[in-house]
Amino acid sequence: MFDPLSLLAALAPLLVEGGKAAISRWIAPDTFKPSTIEQFLAVRQSDADLFRVMNEAGGTNASYPWVEAIVRLMRPGTAAIVMLTWAYQHAAGVLDTQGVDNFAAAVGFYLFADRTLFYARQGLKK
């Protein structure tokens with residue numbers, strides 16, 4: 001049904017999260033608690049820098065706004081093409097769809113399971 005690489009791709013994020021949880025539970029300290037205002041401000045500044053870098057990723061090129069919009073829409077456009085190809089092959093009754101199935105599974109994980117895993121982690125922290 002699934003080839004080993006697709007199975008590994010499906011389970012790898014869960015294994016990584018399990019490893020992180022084990023490390024944070026038994027090896028790493030619970031939380032970093034700054035003892036001075038300077039340490040607190042340094043932590044907050046590093047958080048702000050991280051969010052700024054994530055926001056500017058792929059968008060720092062000097063170009064026209066419409067070019068920037070096209071570049072940012074490449075991922076959703078590619079995902080739509082893959083999912084539509086997958087749906088067409090199954091609706092048309094193509095016999096050998098394993099390659100497209102595996103690629104669509106990776107795209108489906110990118111679209112849905114990554115967010116689900118993120119919200120599940122947030123729920124576990126509460």
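This is a predicted model: local features need pLDDT of at least 70, side-chain atom pairs count only at pLDDT 80 or more; totals for chains, interfaces and linings use all residues.
The protein chain holds 5 helices and 0 strands, and from the N terminus on its elements run α-α-α-α-α. Of its 126 residues, 10% are buried. The accessible surface comes to about 10600 Å², and carbon and sulfur atoms account for 68% of that area. Among contacts between residues at least 6 apart in sequence, 40% join residues at least 24 apart.

Helix 1 covers residues 4–26. Its 23 residues, at 1.5 Å each, should span 33 Å, and the end C-alpha atoms are 31 Å apart, which agrees. The helix does bend, by about 40° at leucine 11, and proline 13 follows within four residues. Proline 13 is one of the buried residues of helix 1, as are Ser6 and Glu17.

Glutamate 17 also takes part in a salt bridge. Side chains of opposite charge can pair when their charged atoms come close. Here the partner is lysine 20, at 3.6 Å from N to O. Both residues lie in helix 1, 3 residues apart, about one turn of the helix. Glutamate 17 counts as buried because its relative accessibility is 16%, under the 20% limit.

The count of salt bridges comes to 3. In helix 2, aspartate 47 and arginine 44 lie 3 residues apart, about one turn, and the closest N and O atoms of their salt bridge are 3.8 Å apart. Aspartate 47 is partly exposed at 30% relative accessibility, and arginine 44 is partly exposed at 48%. Helix 2 also holds arginine 52 and aspartate 49, which are separated by about one helical turn because they are 3 residues apart. Their side chains meet in a salt bridge at 2.9 Å, N to O. Arginine 52 is partly exposed at 43% relative accessibility, and aspartate 49 is partly exposed at 28%.

With 58% relative accessibility, tyrosine 64 counts as exposed.

Another loop residue, threonine 97, sits between helix 4 (74–92) and helix 5 (98–125). Is threonine 97 buried or exposed? Its relative accessible area is 9%, so threonine 97 is buried. Leaving aside residues up to four places away in sequence, threonine 97 touches Gln89 and His90.

Conventions
Residues are numbered from 1 along each chain as its sequence is written. Side-chain values use heavy atoms; hydrogens and water are left out. Buried means under 20% relative accessible area, exposed over 50%, partly exposed in between (1.4 Å probe, protein chains only). Helices (H or I, at least four residues) and strands (E, at least two) are DSSP runs, numbered from the N terminus. The expected span of a helix is 1.5 Å times one less than its number of residues. The bend at a residue is the angle between axes fitted to the seven residues ending there and the seven starting there. Contact means heavy atoms within 4.5 Å. Accessible areas come from the Shrake-Rupley method with a 1.4 Å probe; for residues, only the protein chains shown count as cover. A salt bridge is a side-chain nitrogen of Lys or Arg within 4 Å of a carboxyl oxygen of Asp or Glu.
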